[in-house]
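Dear colleague,

I am handing over the structure below, and I would be glad if you could look through it with the notes that follow.

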Amino acid sequence: MPQPIRPAAAAGMFYPGSSAELARLVDHLVSDASRERAGLARMPKAIIAPHAGYIYSGPTAAQAFARLLPLASKLSRVVVLGPAHFEFVEGVVSPDAEELVTPLGRVSVDRRALAHAATVKPDARAHAMEHSVEVELPFVQRLLPNAKVVPLVVGRAAPDDVADVLEALWGGAETVIVVSSDLSHYLPYDVGRARDRHTVSRILALDAGLDGDEACGAAGINGLLRVARRKGMRAELVDLSSSGDTAGPRDDVVGYGAFAFFEDAP
């Protein structure tokens, strides 16, 4: 039997531990991003968003999530894929929980949808301390308060295997895919920026051959890119930044990219 809840592990570290402070921060980040995206009403089927501490990557994550606002009321399922940072994981695993917890409350896991992905196995240990899925949840809670989530941690997995999981969970207009990933890690600002621009070009070309030096969530991104190519989707860069642009020094930066993927032509 699944456990009742998966408690928050990153609250007070990657994002505020106070529910009021967290709500204000997410609302502020999304409001700023929405002003920049005013007039853009097309709804992406999938986004890529970073998962670092909000003071570093929050503005870029908000740029990705703001793209969901035009049809947010129609979304009832959010599939979130994040990389495994702390445990070795073979394949794609779920938290084996009924609900996920953040300071903003509980988010229901869509276990009915999860049942359609036969290769996904439960692994509570892989999810217990993992932040890559968790840091996306407050954005989901504030923008899509009625949505259920399908939280997945991706470990060692081939692009086609991740793509098959995504296809099983693809759904229709009620479902959006969120792939959680940062880009380059711990490089001088200009070096990191150049590497990230190269990674951006590969993502926009739907090149499913990224590695961990280009994006820590490469396995999840590669799976999405494989599906995107199968379906003839179009990828768009929404924002590109690094910790050197926000709250960190420029001698040792982590890159962040926000992307949107569309099923239909513009």
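Asp 96 sits in the loop that runs between β4 (92-94) and β5 (97-102), and although Asp 96 is not a glycine, its phi is positive, at about 55°. Please bear in mind here, as throughout this email, that the model is a predicted one. A positive phi is also found at Tyr 186, again a residue other than glycine, where the value is near 60°; this residue, however, belongs to a strand, namely β10.

Tyr 186 leads on to the pockets. The largest pocket has a volume of about 260 Å³, and Tyr 186 is among the residues closest to its centre, together with Ala 52, Asp 182, Val 254 and Tyr 256, out of the 17 residues that form the lining. Two elements, β10 (185-187) and β12 (253-262), each give two or more residues to the lining of this pocket. When the lining of the largest pocket is sorted by class, there are 8 nonpolar residues, 7 polar ones and 2 charged ones.

The second largest pocket has a volume of about 200 Å³. Its lining takes in Met 43, Pro 44 and Lys 45, then Leu 71 and Leu 75, then Gly 172, Ala 173, Thr 175 and Val 176, and finally Glu 263 and Asp 264. By class, the lining of the second largest pocket consists of 6 nonpolar, 2 polar and 3 charged residues.

The last point concerns a pair of helices. Helix α7 (residues 159-169) packs with helix α9 (residues 218-231) at an angle of about 70°, and the two axes are 7 Å apart. Because an angle from 65 to 115 degrees counts as roughly perpendicular, α7 is to be described as roughly perpendicular to α9, and the crossing of the two helices is right-handed. On the α7 side, the residues that take part in the contact are Pro 159, Asp 160, Val 162, Ala 163, Asp 164, Leu 166 and Glu 167, and those they meet in α9 are Ala 219, Gly 220, Asn 222, Gly 223, Leu 224, Arg 226, Val 227, Arg 230 and Lys 231. Sorted by class, the contact of α7 with α9 has 7 nonpolar, 3 polar and 6 charged residues.

With best wishes

How values were computed
Residues are numbered from 1 along each chain as its sequence is written. This is a predicted model: local features need pLDDT of at least 70, side-chain atom pairs count only at pLDDT 80 or more; totals for chains, interfaces and linings use all residues. Side-chain values use heavy atoms; hydrogens and water are left out. On a 1 Å grid over the protein atoms alone, a cavity is a set of points where a 1.4 Å probe fits but cannot get out, and a pocket is an open set with protein on both sides within 12 Å along at least five of seven lines; lining residues have an atom within 4 Å of a point. Grid points are joined across faces, edges and corners, and a volume is the space filled by probe spheres set on the points. Helices (H or I, at least four residues) and strands (E, at least two) are DSSP runs, numbered from the N terminus. Ala, Val, Leu, Ile, Met, Phe, Trp, Tyr, Cys and Pro count as nonpolar, Asp, Glu, Lys and Arg as charged, and the others, Gly among them, as polar. Axes are lines fitted to C-alpha atoms, for helices over the stretch in contact, and angles run from 0 to 180 degrees between N-to-C directions. Angles under 35 degrees count as roughly parallel, over 145 as roughly antiparallel, 65 to 115 as roughly perpendicular and the rest as oblique. A crossing is left-handed if the near helix is turned anticlockwise from the far one by less than a right angle, and right-handed if clockwise. Contact means heavy atoms within 4.5 Å.
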